[in-house]
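Please keep the view at hand while reading the numbered points.

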Amino acid sequence: MTAVATPAAPKNDAPAFDPGAPPPATLFQDIWRGIGKENPVLVQFLGMCPTMAVTNILANGFAMGVATTFVLVGSGLFVSLFRKYIAHEVRITSYILIIATFVTLADMLLAASFPDISKALGPFIPLIVANCLLLGRAEAFAAKVKPLRAVADGLGMGLGFTVSLSALASFREILGRGTILGMPLFGPRFEPWVFLMMPPGGFLTLGIACLTVAYVIEWRKKHTLAARSA
Amino acid sequence: MTDHVHVHGGGGAPPVQGKMTPAWKLLATLFVAGAAAGLLVVAVYRATLPAIQKAAAAKVNGAVREVLKAPAKWDTLYVVKNALTAKLPEGADPQEYQKAYVGQDASGKRMGIAVVGEGPGFQEIMQLMIGFDPATGTLIGIKVLDQKETPGLGDKIENDPSFMAQFVTRIAPVVGVKGRAGSPPNQVQTITGATISSRAVIKLVNATVARWQELMQRYDKGGTP
């Protein structure tokens, strides 16, 4: 994490300076960061397990993204609200408790409203608890900022996760099945690339996506440098 | 915990160096948080349970209707102590017992029974709803409830309707043949590229029919239809 500007000598009643706190940013920046340059899947490589498992068809990837967003926003809000009351020694336990509660809620709400998707996602909804993205955002961000920023960050990270999963899943569903959201795209003579529906296809798709994102980031870096030196 | 962690570390209220939070406070934090979380989970569980059960029941009803070719109505029999009975013991949860759905046509004549069969597929347990006539072993219809066969190959047992359609009017025990199935009333053509999944279905159908035929015979001898 980049160093924050050293604060002027604090007054006696000024709040203690926390070197680990995220630098100040607008709400828009907090949201956009998760979608763009700190995208959880394609840049931070967090939550690879659900990414591999549920991106075989778009409905599954999208539902997984929405469920994770719900948990990110809910746990971020509560971690931030209670950040002053959670003792330092039991903070991880408390964060996991908050996350697990929201995951359980998401699981039950999904089962009640979309039983088919809930069945297809199987154990991967309860496993959101173990997604390091959740604990990571709680510990690194939500616990150090005001609730509004924590919610914005959760929303951004969730959207970034949803967009990445949906993109990977669309690619795999279109080529691996010849459908999108279950609707056939090509004629009956299209032979689906079944390989993409299987785990190795997931790795290949993710590799292509990460390569593309890394290339764009490098290209933009070079572009900015060139523009500066010109 | 080192001083370093105290100064720079993680979240929560940054602790004052050298000062530990008393144990009762830690316990109180976790107790209150746990109780609040528990209450919330129970509340949502109670709120969503009816919808979840309704969806599960609708799925079973749809499958029964499909594999018995639209019965007018059906009765449910439960397996208690390896015998069929129409009445469950007092206070028992119907969810915990295996069931047979005995379908009848409009005149009350028995059309057949629908049961759930569960057995190993290519790599995971598969679940079928099987409708058949217990007197003759003639299959009426089969529907896949759950399968995790290889996408594109083994999952044709569910996605290729012509495979399951073959079972209709066949008489169990069924035999799987490669290539073209002949005229005998017990032959079914296996799917090319999914021989193991096809055989798993056949094996599961045969085992399920045999088991429930025996159960139904004992039940019918016992009296009430």
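1. Five bridges join strand 3 of chain B to strand 4 (residues 110-120) of chain B, and the two run antiparallel; strands here are DSSP runs of E of at least two residues, helices are runs of H or I of at least four, and both are numbered from the N terminus. Strands count as paired if DSSP finds at least two bridges between them. B:Ala100 stands opposite B:Val115 in strand 4 of chain B, and in the hairpin of these strands, with five residues between them, B:Gly108 takes a positive phi near 90 degrees.

2. This is a predicted model, in which local features need pLDDT of at least 70 and side-chain atom pairs count only at pLDDT 80 or more, while totals for chains, interfaces and linings use all residues. Residues are numbered from 1 along each chain as its sequence is written, and chains are lettered from A and ligands numbered from 1 in the order in which they are written.

3. Strand 3 (residues 99-104) of chain B also pairs with strand 1 (residues 73-80) of chain B, in the antiparallel sense and over six bridges, and here B:Gly103 is the bridge partner of B:Trp74.

4. Between the chains, 25 residues of chain B are in contact with 31 residues of chain A, contact meaning that C-beta atoms, placed from the backbone, lie within 7 Å. Helix 2 (residues 23-67) of chain B gives the most to the side of chain B that touches chain A, with 15 residues.

5. Leaving aside neighbours within four places in sequence, A:Ala63 is in contact with A:Leu110, A:Phe114, A:Ile117 and A:Leu121.

Notes. Contact = placed C-beta atoms within 7 Å.
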